[in-house]
There are 2 protein chains.
Amino acid sequence: MEVVLSIDIGGTSTKLARVDQDYNVLNTTAIDTTRYMDEESYFSALYTAVRTLAGSMKDGEEIVGIGIGAPGGIPIDGTILGAANLPFSERVEVVRLFENEFEWPCFLTKDSYAAALGEGVAGAAVGMSNFVLITLGTGLGCGIVVNGQVVHGHTGQAGEIGHTISVENGRECNCGRRGCLETYVSASGICRTAFELMAARKQCSLLRSVPFNQLTAKMVFDAALQQDELAQEVFLRTGHTLGDKLAELVTIVEPEAIILAGGLTNAGAFLTEPAAERMEEQLLKSLRGKTQIMLSNLKVNEAALIGAAAFAWQNLKNVSVCQS
Amino acid sequence: MEVVLSIDIGGTSTKLARVDQDYNVLNTTAIDTTRYMDEESYFSALYTAVRTLAGSMKDGEEIVGIGIGAPGGIPIDGTILGAANLPFSERVEVVRLFENEFEWPCFLTKDSYAAALGEGVAGAAVGMSNFVLITLGTGLGCGIVVNGQVVHGHTGQAGEIGHTISVENGRECNCGRRGCLETYVSASGICRTAFELMAARKQCSLLRSVPFNQLTAKMVFDAALQQDELAQEVFLRTGHTLGDKLAELVTIVEPEAIILAGGLTNAGAFLTEPAAERMEEQLLKSLRGKTQIMLSNLKVNEAALIGAAAFAWQNLKNVSVCQS
């Protein structure tokens, strides 16, 4: 049975698995990305993990390629534009490195594109050829699928909706600009909104006893569950900001569904209801009621692994994997 | 030689031509759309024009299909959602009507999608597989090409960037909402901006002697050419509003080029320079300098005709027509 070795590079951990052509994740392992201080020691540890995983194959399994998803991954040239939370800040030619090290063809894509492919082949978007995946975690990632293919863009950087402007001259963003969607709609955005509201309002809140650097989105969610009105208002505002942007996105690419994934989606209806309501309100009449907002149904750890494998299968077989 | 009969339905006139597989427009004719008061009389005149055009074929030409581009055209089901400036306001099943009337297979798409295809096969975007066409006329039309295919969206309504919001609670739009891009960046938007500036400022302007209902974008352009500072400021503001939106669009789909077409582009650098400058300023660093802004190089009357033919050829041969 042919399998692909799939690798999901993340700032905290780097996960690896063998994935078969039916997108079964056969077994998973991981290395701790934060333990490595430079490119060399990180990739050396990653190669070892790949060899170990390859060595644990069952009889009859045959590795036919490697698929990698990574933040800053550029599918067009197989490089990673070093990101702040990876052990390398310069551009690294990852596909070339892997193909020098191993005998298998290697394919690399951005983590958010991989996650979108994962939803398309095994998650909430199975059977859809036009959909968008938005991952709400520390930041906001996005992968757009049109006519069954991920939109990579001219140089492999499409889908950066987290860095479109939501508020002119708004909050400072890691990218050096101000007012990006991601500074409002993300785990850290939730916390910033909570403090903004505490500063603006006089109402009581469970959150008033927590220092800025200790507040987490989960604490805001727990407070909202305990009927803390300020915390509920935080989610309402976050949902509205998201809904405004989703309306723009629907007007431009008109997907069948927008799939939300990532840690923040644990807030469920606190977030999705105001987002969906605002999105519908902001749409052209003829576009209303056409695009569903759904939650991902894949395990958090598996979406990107499955998607990186799907990207490899897609390239190995030269077919689009998402099709209705 | 195989040819397609191409039809470009517009609010003012409906143009027809025979187009060969190399996108040569063999001859053109037109009917006056405004002369017909209802669906029946309009289509009856259109059928007659089709028969006349088919009858004027040269020896050796063979019609293999009909391609139609129309405002409100839905490529997925071959219908036109009646528009305010067409002789029918309800949904009309145009492909079915044509296939009942004629022996040839018929394919219908939206006018802005056709224009994008036209640029892709014979205009400024030849050789590109990721680009956007924006038509700046009375309104603002948009066709997005990704991986060599026009983005139709889930129900055939993608690309309505003219109806994304530029100014919250801004100008009233024909669509019933407020602040749409099209109310700022279009011929009528230019006139509205001129009056807004005349109201806000005290500076002299050639435009102060023109009543609201007589001002045209061309008059604003002529004044700008005569160093009228207020008129020049109108184009600067329009360019900035356009540039802000193009930055959003580039961040989402990252095209190789944005092609501008339509009457307003006669203003040339008055419009494109502030648009390009603002777009670059508003982009993520890693996206700067990657997307060109270009002017269409097709004749105004031919872009949509060529594109409607390209849409028919694409469907007849089952291939994508835009590829690098």
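Two strands count as paired here if DSSP finds at least two bridges between them. In this predicted model, that rule gives chain A an open sheet of three strands, in the order β5-β6-β7 and with antiparallel pairing. The edges of the sheet are β5 (73–74) and β7 (91–92) of chain A, each of which pairs on one side only. Strand β6 of chain A covers residues 79–81 and runs antiparallel to β5(A), with two bridges joining them. Since the cut-off is at least two bridges, β5(A) and β6(A), with their two, qualify as a pair. As for who sits across from whom, Gly73(A) has Ile80(A) in β6(A) as its bridge partner.

Over in chain B, a helix pair is worth a look. In general, two packed helices are described by the angle between their axes and the distance between the axes. Here the partners are α4 (residues 187–200) and α6 (residues 229–253) of chain B, which pack at about 125 degrees with their axes 9 Å apart. That angle makes α4(B) oblique to α6(B), given that roughly perpendicular stops at 115 degrees and roughly antiparallel takes angles over 145. The crossing of α4(B) past α6(B) is right-handed. On the α4(B) side, the contact is made by Gly189(B), Ile190(B), Thr193(B), Ala194(B), Leu197(B) and Met198(B). Facing them from α6(B) are Leu230(B), Ala231(B), Glu233(B), Val234(B), Arg237(B) and Thr238(B). Sorted by type, the residues of this helix contact come out as seven nonpolar, three polar and two charged.

Helix α6(B) turns up again where the two chains meet. The contact between them takes 32 residues from chain B and 32 from chain A. On the chain B side, α6(B) supplies the largest share, five residues.

Methods:
Residues are numbered from 1 along each chain as its sequence is written. Chains are lettered from A and ligands numbered from 1 in the order in which they are written. This is a predicted model: local features need pLDDT of at least 70, side-chain atom pairs count only at pLDDT 80 or more; totals for chains, interfaces and linings use all residues. Axes are lines fitted to C-alpha atoms, for helices over the stretch in contact, and angles run from 0 to 180 degrees between N-to-C directions. Helices (H or I, at least four residues) and strands (E, at least two) are DSSP runs, numbered from the N terminus. Angles under 35 degrees count as roughly parallel, over 145 as roughly antiparallel, 65 to 115 as roughly perpendicular and the rest as oblique. A crossing is left-handed if the near helix is turned anticlockwise from the far one by less than a right angle, and right-handed if clockwise. Two residues are in contact if their C-beta atoms, placed from the backbone, lie within 7 Å. Ala, Val, Leu, Ile, Met, Phe, Trp, Tyr, Cys and Pro count as nonpolar, Asp, Glu, Lys and Arg as charged, and the others, Gly among them, as polar.
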